[in-house]
Number of protein chains: 2
Amino acid sequence: MGTAAVEWAAAYAESIRDLPITPRTSAAELKQRLTEPLPVDGRDFADLLDVFREVIVPGSRHNGHPRFFGYVSAPGTAVAAVADFLASALNANLPAWRSAPAPTELEHLTIGWIKEALGCDPSAGGLFTSGGSMANFTALAAARHRHCGDAVAMHGASAHPAPLRVYVSTETHHSVHKAAALLGIGRANVREIPVDARFRMDVDALVQAIEQDRAAGAEPFCVVANAGTVVTGAVDPLREIAGVARRYGLWMHVDGCYGGFARLAPSARSLFEGVAEADSIALDPHKWLYLPADCGCLIYRDPEAARAAFRLDADYTRVTETESAEAFAFWDYGPDLSRRFRALKVWMLLAHAGSRAMGEAIEANLDCARHLGELVDASDDFELVAPVGLSIVCFRYLPPALRDEPRSESDEQRLDRLNERIMVALQRAGSSYLSNASVNGRFALRGCVLNYRTTRRDMEILLDDVRRAAEKVSD
Amino acid sequence: MGTAAVEWAAAYAESIRDLPITPRTSAAELKQRLTEPLPVDGRDFADLLDVFREVIVPGSRHNGHPRFFGYVSAPGTAVAAVADFLASALNANLPAWRSAPAPTELEHLTIGWIKEALGCDPSAGGLFTSGGSMANFTALAAARHRHCGDAVAMHGASAHPAPLRVYVSTETHHSVHKAAALLGIGRANVREIPVDARFRMDVDALVQAIEQDRAAGAEPFCVVANAGTVVTGAVDPLREIAGVARRYGLWMHVDGCYGGFARLAPSARSLFEGVAEADSIALDPHKWLYLPADCGCLIYRDPEAARAAFRLDADYTRVTETESAEAFAFWDYGPDLSRRFRALKVWMLLAHAGSRAMGEAIEANLDCARHLGELVDASDDFELVAPVGLSIVCFRYLPPALRDEPRSESDEQRLDRLNERIMVALQRAGSSYLSNASVNGRFALRGCVLNYRTTRRDMEILLDDVRRAAEKVSD
């Protein structure tokens, strides 16, 4: 079984550049090919691998394709797939040290490497999570607990009747709003602060909002800064926001799920000044460490502050060891009890590639995005709609005829619709993939370079593909 | 890389019966062997596989050993490890249909098989989660939303000042209490209902508590029934609880994380009557489907009721497809956005083994537990401290001299301490593994049979190992 699977994977990795990115299929067709009742008798693995190869793979979007620029999506790596196999064959489960001594130590080690990559203090700690949404949720839960203490955990949010306030920018990922809804904080208590022309949080406006809310009897408790917004790749002024957080006693959380690892690239490093001052940092190794889903990560500046929010007492979680490293339990720092051995793939990737090669790969992605930005700027049929931020480019097709004319609102709406049709045609054609974004209220084509396979040449092919899609929809 | 990993896995699976279950190591030793700074240069995969084989594997607890009876722990299977490799090599990510058409359809299919295994209505729906804690959390979030509507999601739990109440038995897993703390419901609003002599929720006491709470102005909104408690394997009277839930308009959630799949075993089937009437059911395929971590699961009777609690709107989650199956998004039904392709291992296992063989394996686990119960009953040095529930046996060592004497409280405390020492000695010896439980306030040795490798003979070896540990600590 293993050998046949490995052979498929090697062939897949070799052919991925030539596959159409998106499958030409429908829910009806897939259901027809896959659906059957729960089988009473088993069948050969070879049959199942055939279904995988013939139905599941061709019916999948190929996120590892060098011109898949949609959303924020990692390509995966061979060594990490092997690590996931080993993790499942060993079947380690990491609720606590005693359940998996060496895997737990390996998680500490790799979390330490990530701290090092970010410049965090050695006293920081953290854990891997199922993804970025859960890392943001977990951070917000810890922040709320530090502000409210055990009263809310014991008696519910009604025990703390003053409205809490968490500050984000207008560009912040909606997982923060979703977390606020789930935690009983409420979406309306997530205040969106305006951004500057580079889509970075306006720190004066942040201070003003905090002052206003305090005056009105609300309780500011948390600010979320972006280290790479998903729409335009903006990094908020982290050091300034850290200063505001300190002044007003707020928990500062950095959402670095998309961009955090770009600190490994020399040309981006200075953007991350101040990141280590945050109380918590969310990162997604399954984004810019190129790892396959799932692997999110949360770093706490002071792990003990987080512990109070999550610890639970039950017979089956009673730890009898007296040595503190051996009494360590991940369940004290997040919502999960059973936990997959995610550290293995992080460790194997970083130890196999080394931080220098990782930094170079990230730097090359930044370079590709800047190159695309330059190509767009130099063209007479495209325009940037936002500055290139990290590896994200937001642009649109702008027919030369419309270029130098003053444009009415209805012209703009026509451009929005045209670019949306171009995006759909591009996605269907399958050679390059961009996703959508709304920038200053206008429809934008958006590409995010996050793949070690991508080259400058791919950016040129992308623009040609977009031109072809534009011709097609103009017919 | 893949071939070397597969060779290791095959050898590991073959030797697992002969390995000591628990590693003889310490945090200090492991740190010394693993710690190094973030490596600048990479190194060969062969080196890393050596570290895995020589440090990580020997430093792990072998959860797949046929006499590992601790907690609720699956052994993993070869086919599922291969599936995890394939999932990571393909690097599918399943936030929504459009992100992964065939993988999404495969998740629908396997969720359908699980519904079938439980006897659920075809209109039910669900999704895989990182584990049981997250499945219980997600269900409670949906239940709260159905009761409170958008007011709490928008304005926080303070917008609904009457205290909410969720009912559990005294035996319910603490992840429910933790979820209540995180959601802003509060641990104190989780009311523990007493159990009968078989550790099943007392339904009359449940009705009484609901009536009392209503009279006092609290709002009962949810009841959690156990389909296999983790301490003694008790299954609550599901049909009766469903009747109470209907009568009082409560959301009924079934925590079947440990026991739910036992419905596939003929001798346990009748215990699950009424399970399909629940509004939600949490299950852990990474428990009794023998799958490696992580794979939890949540089934909703009415998926639309859940959707309202989780949906979010953002550009990057805007779905333009008009066909509803293609507009489907998992983020509408749970907290995560990026999601691992867990369905592949569930599908490969069930299609490879078939439901008959799965049912037989679970039946054999039940038989082993009953056999252990009979051996304990027939012995003159052990006694059961709870009826055997599903595949869980709680018992203790009781020296023949103390057997027929009336025992004082200080005798009982001595027995508690003796059995705790026996457990520690047993775990250290490494041939069999039991964990601890507190049953009616007394310390119990607790074993849970959840491994297709385990035989009746292993139960006999277990008792001999416990006797040997008892001799050792009595020295």
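Trainee: Which domains does the domain assignment give for chain A?

Mentor: The assignment divides chain A into domain 1 (2-68), domain 2 (93-339) and domain 3 (356-474), and please keep in mind that this is a predicted model.

Trainee: How far apart do the C-alpha centres of domain 1 and domain 3 of chain A lie?

Mentor: Those centres are 30 Å apart, and the contact between the two domains takes 15 residues from domain 1 of chain A and 16 residues from domain 3 of chain A.

Trainee: And how much area do domain 1 and domain 3 of chain A bury between them?

Mentor: Together they bury about 1100 Å², with 40% of it on carbon and sulfur atoms.

Trainee: How many salt bridges does the rule find across that interface?

Mentor: The rule finds 3 salt bridges between domain 1 and domain 3 of chain A; within chain A, A:R67 also pairs with A:D458 in a salt bridge whose closest N and O atoms are 2.8 Å apart.

Trainee: Switching to the two chains, how many residues of each are in contact?

Mentor: The contact involves 139 residues of chain A and 140 residues of chain B, and the two chains bury about 11700 Å² between them, of which 62% is on carbon and sulfur atoms.

Trainee: What about salt bridges and polar contacts there?

Mentor: Across the interface of chain A and chain B the rule finds 8 salt bridges, along with 58 residue pairs in polar contact, both residues at pLDDT 80 or more.

Trainee: Which helix gives the most to the side of chain A that touches chain B?

Mentor: Helix α13 of chain A, spanning residues 343-378, gives the most, with 11 residues, while by class that side of chain A has 76 nonpolar, 36 polar and 27 charged residues.

Notes
Residues numbered from 1 in each chain as written. Chains lettered and ligands numbered in written order. Predicted model: local features only at pLDDT ≥ 70, side-chain atom pairs only at ≥ 80, totals over all residues. Heavy atoms only, no water. Contact = heavy atoms within 4.5 Å. Buried area = accessible area lost by both parts, 1.4 Å probe. Salt bridge = Lys/Arg side-chain N within 4 Å of Asp/Glu carboxyl O. Polar contact = N/O pair within 3.5 Å; in protein donor to acceptor, adjacent residues only side chain to side chain. Helix = DSSP H or I, 4+ residues; strand = E, 2+ residues; numbered from the N terminus. Nonpolar A, V, L, I, M, F, W, Y, C, P; charged D, E, K, R; others polar. Domains from an automatic or database assignment.
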